Structures are given as C-alpha cells and as structure tokens.
Amino acid sequence: MIIYGARAVHLKSAQSKNTICPSCNTQGSSVISIYRKHAHIFWIPLFPISKNGISQCQHCRKVLEPKEMPEPIKREYVNLKNDAKGPVWQFVGSGIIAALISWGFYANAEDKKKESAYLQSPQTGDIYSYKVEGGHYSTFKIMSVTQDSIFISPNQYEINKIGRVYTIDKPENYSEIMYGMSRIKIKEMYESGEVYGIDRQ
C-alpha cells in the first residue's frame, strides 16, 4: 500500500494595520497567513505544488479566501505571498529521487564495465542471461574456454519475466550436453542485446 497526499505548511503571517474588515468594519484587525502545500509519499515531502493563504479578523474571526478579500487586503496578501519563502526540506523527496536515479545510472555503468571485462576474458562458471524467441528468457553457463571458443551448457528452463530469470539459475537446471560457440559470436550476441547480462560467481 502506497500512502501519498498533500500537506500545507505555514510560511509567514502579518497583521494588516490599515485595512478594514469587511465583516465587522474593525480597522487593523486582519491577520494574513501564507501556506505552501507540498506533495508527499509515506510522509516524505516530494515538492511544493501551490502557495496560498487566508486573512482572518481577530475581532469577529471572519476568514477570507483570496477571492473574497477586498482590494486593500488582497494587495497586502499578494505582497506577503511573494515575500514568503518556503522551507528547503519540502524538496527532500525530490532530492532523494534524483540521488537514486543518479545511483542507478552509475551502478548500471559499472555493471556494463564488468560485463565488458567478463566478455573479453570469459571464465568457467560465468552465467549469461539471454533472450529466447517468443518473449522468454533463459541462461547458459560456460563450462570451458579455449583461445577462440567457449563451451556452454544451456539451461533447460525458460521464464517469461526478465526480472525473475535468476530463479531458474540453479546447477541442476543445466544440461549435461555442451555446445561450442565462437567468442566472436558471443560478442555479437551481447552487442545486439540478445545476451543482456553476464554474472560471475
């Protein structure tokens, strides 16, 4: 379950000294307050989504929304709203998301570097994940390596979810029959995306 929503935070308040309350005609009794609303997920603020406010008469307690304010109060409201700056912590969630995205790009680049090294120097036991016709995925294991070729044992099982291919990577799932394949062919399969992952134990 994902808990999300919006929450308003008080930014600034100021009392209007010269304006007259349209409800009770008291002068200088209106307090203008500014709030900034932010979106949140699991109570972690993501980013601000709006900034609004109200005025309230301290004499008759009448609350006015911006569209209800007489022009003198509205002018003070607009000035206060422009002057009110929100807290930086309302962007915490956005910062976390940006950091996670950056880390994801970095981790992916590091994985590609490792896979490139594994491709250049294959070793017995390396596991290659690849796409099978029909939208399925499987793996094969390197059993031996020569100067020009590798000998692989294919996984006898396939799976239709790329993120769960690890569930079929079990020693007992690999065939006892080995197939030879040139190292150039393996490189071509990787560069075309047919082989999309290489793991080394």
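User: Is I44 buried, partly exposed or exposed, and what is its relative accessibility?

Analyst: Keep in mind that this is a predicted model. I44 sits in strand β3, which covers residues 44-57. Partly exposed is the class between under 20% (buried) and over 50% (exposed). I44 therefore counts as partly exposed, with a relative accessibility of 36%.

User: How do α2 and α3 pack, roughly parallel or roughly antiparallel?

Analyst: Helix α3 takes in residues 183-192, and its axis lies 10 Å from that of α2. The angle between the two is about 160°. Angles over 145 degrees count as roughly antiparallel, so α2 is, relative to α3, roughly antiparallel.

User: Is the crossing of α2 and α3 left-handed or right-handed?

Analyst: Here we're looking at how α2 passes α3. The crossing is right-handed.

User: What is the phi of W43, and where is W43 found?

Analyst: W43 isn't a glycine, yet its phi is positive, near 65°. With a relative accessible area of 60%, W43 is exposed. As for the place, W43 is found in the loop between β2 (30-41) and β3.

How values were computed. Residues numbered from 1 in each chain as written. Predicted model: local features only at pLDDT ≥ 70, side-chain atom pairs only at ≥ 80, totals over all residues. Heavy atoms only, no water. Helix = DSSP H or I, 4+ residues; strand = E, 2+ residues; numbered from the N terminus. Buried < 20%, exposed > 50% of the residue type's maximum accessible area, 1.4 Å probe, protein only. Axes fitted to C-alpha atoms, helices over the stretch in contact; angles between N-to-C directions. Parallel < 35°, antiparallel > 145°, perpendicular 65-115°, else oblique. Left-handed = near helix turned anticlockwise from the far one by under 90°.
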